[in-house]
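The following note sets out several points on the structure shown below.

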Amino acid sequence: METNIIDLHPGLVVGFAVVIFIMLLLDLGIFNKKAHEVSSKEALTWSVIWISLSMVFSGVVYYIFNQDAGGHEVAVEKFTQFQLAYWIEKALSVDNLFVFILVFGFFKVPKHLHHKVLFWGIIGALLFRAIFIFAGVGIINLTYLESFLKNDSTTFYAVWSLIALSLIGLAIKFLKDEKAFLILAIIFGLFILGGVNAKYFLDVNQLDLPPINLVMTIFGLFLIYAGIQSWGSGEGDEDEDFSDTAGAKLVQKFYKVSDNYDGDKFFTLQNGMKMATPLLVVVAVIEFTDVLFAVDSIPAIFAISKDPFILYTSNIFAILGLRSLYFLLANFIHMFSKLPYGLAIILSFIGFKMLISPWFHIPSPISLGIVGGILVLSVIISIMYPESTEE
């Protein structure tokens, strides 16, 4: 079991929450109280602020573990876990920028409203990432192969059998058009069923098992697949109809949507009828886009640490800096044309790391060096061989 930072200093949770609340309050209530177009200078300033806060917090993580939980070696491991999770999330979030640009262009969102859309998108991400990370860590702790094979509890058997059958059934019903997800969901369900029933045809108590985790194995396979599938992704997305996405359909299910924007309002009155503005639709599309991207990024950080606080804080710091990064890079996104190739390699590397972890652990400092090297190399190649902006 990893030493959990929450057990060492519970007050750090409160401190983190207070810092995030104050920064968001300053961002929305003072510096961006009125909708305006964010300049490159302002975006650069906020990018530096968020990255600096992230680095300071990683220093706090190092200090606490160095003082209270194992000394320098453990502290370095925890420090690099935070750094690795942060930069992986930051890098994968850059991929979101390509989609954000397309979404804003598709809905013809005025530039002075971009910040408000991204702000509320971030608020939703704070909630969804907490659910994904804390629930994910809990599920991972319950899905080690040995616990499945050797657990004799009737309740355990009933609950996980029901989960497995439900997963297979839901996958068959709702994932017909997503073949990769369908196959992975069915395999995962069969793994669970096989694990809880193994005691009926094997002498499980005589087995000497490596610490294989069913969820981590599935995540590893998925990330390798995602890396292969995303090789050079981003081409052809310009033609996507974002008004037909799940986020847009959800808003349209409950409200009629006006044809035009009404300033920075999410709702407007037309002929005495309350209607949603296209701005609310854009926020919903951005929220669902973030959830889809989390399907890659959340499994990736589980390969780094099982400490939910380190994973969540690194994730949130990376996401909170995404808005300013968007405004900073939006006009120069063509200079990062080779980044998707680097991200594809990173996803495959993290998936491979997950698969071999029961037998061979790649230390976090080495993983950080590999991921950082891939990112730097992909950016350098992008700058050396930029994508043409001409039609």
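Which residue in β2 is the bridge partner of Q270?

1. The model under discussion is a predicted one. In it, Q270 has M273 as its bridge partner in β2. Strand β1 (residues 267–270) and strand β2 (residues 273–276) run antiparallel and are joined by four bridges. Two residues lie between the strands of this hairpin, and N271 adopts a positive phi near 55 degrees.

2. K116 and its two contacts. K116 forms a salt bridge with D264, in which the closest N and O atoms are 3.8 Å apart. Because K116 belongs to helix α5 (residues 114–142) and D264 to the loop between α10 (246–254) and β1, the pair ties together parts that are 148 residues apart in sequence. With a relative accessibility of 21%, K116 counts as partly exposed; D264, at 30%, also counts as partly exposed.

3. R129 is buried because its relative accessible area is 1%, and D290 is buried with a value of 7%. Salt bridges link E89, R129 and D290 in a network.

4. Aromatic pairs. A search of the whole structure finds 19 aromatic pairs. The ring centres of Y86 and W87 are 4.8 Å apart and their planes lie at 85 degrees, so this pair is edge-to-face. Y86 counts as buried, at 0% relative accessibility, whereas W87 counts as partly exposed, at 28%. Y157 and Y200 have ring centres 6.2 Å apart and planes at 85 degrees, and the pair is therefore edge-to-face. Since Y157 lies in helix α7 (residues 154–174) and Y200 in the loop between α8 (179–197) and α9 (214–229), the pair ties together parts that are 43 residues apart in sequence. Y157 is partly exposed, with a relative accessible area of 27%, while Y200 counts as exposed at 60% relative accessibility.

5. The aromatic cluster. Y86 and W87 also belong to one aromatic cluster, whose members include F16, F57, F82, F134, F309, Y312 and F317.

6. The nonpolar surface patch. V13, V14, V18, F21, I22 and L25 form a nonpolar patch on the surface, and together they have about 540 Å² of accessible area. V18 is found in helix α2 (residues 11–31) and counts as partly exposed, at 41% relative accessibility.

7. G342. Is G342 buried or exposed? G342 counts as buried, because its relative accessibility is 3%. This residue is found in helix α14 (residues 339–356). The C-alpha atoms of G342 and A91 are separated by 9.3 Å, although the two residues are 251 residues apart along the chain.

Technical notes
Residues are numbered from 1 along each chain as its sequence is written. This is a predicted model: local features need pLDDT of at least 70, side-chain atom pairs count only at pLDDT 80 or more; totals for chains, interfaces and linings use all residues. Side-chain values use heavy atoms; hydrogens and water are left out. Patches are made of residues with over 30% relative accessible area and no salt bridge: like charges are joined within 9 Å, nonpolar side chains (Val, Leu, Ile, Met, Phe, Trp, Tyr) within 5 Å. Accessible areas come from the Shrake-Rupley method with a 1.4 Å probe; for residues, only the protein chains shown count as cover. A salt bridge is a side-chain nitrogen of Lys or Arg within 4 Å of a carboxyl oxygen of Asp or Glu. Buried means under 20% relative accessible area, exposed over 50%, partly exposed in between (1.4 Å probe, protein chains only). Two strands pair if DSSP finds at least two bridges between them. Rings of Phe, Tyr and Trp (its six-membered ring) pair if their centres lie within 6.5 Å; planes under 30 degrees apart count as stacked, over 60 as edge-to-face and the rest as tilted.
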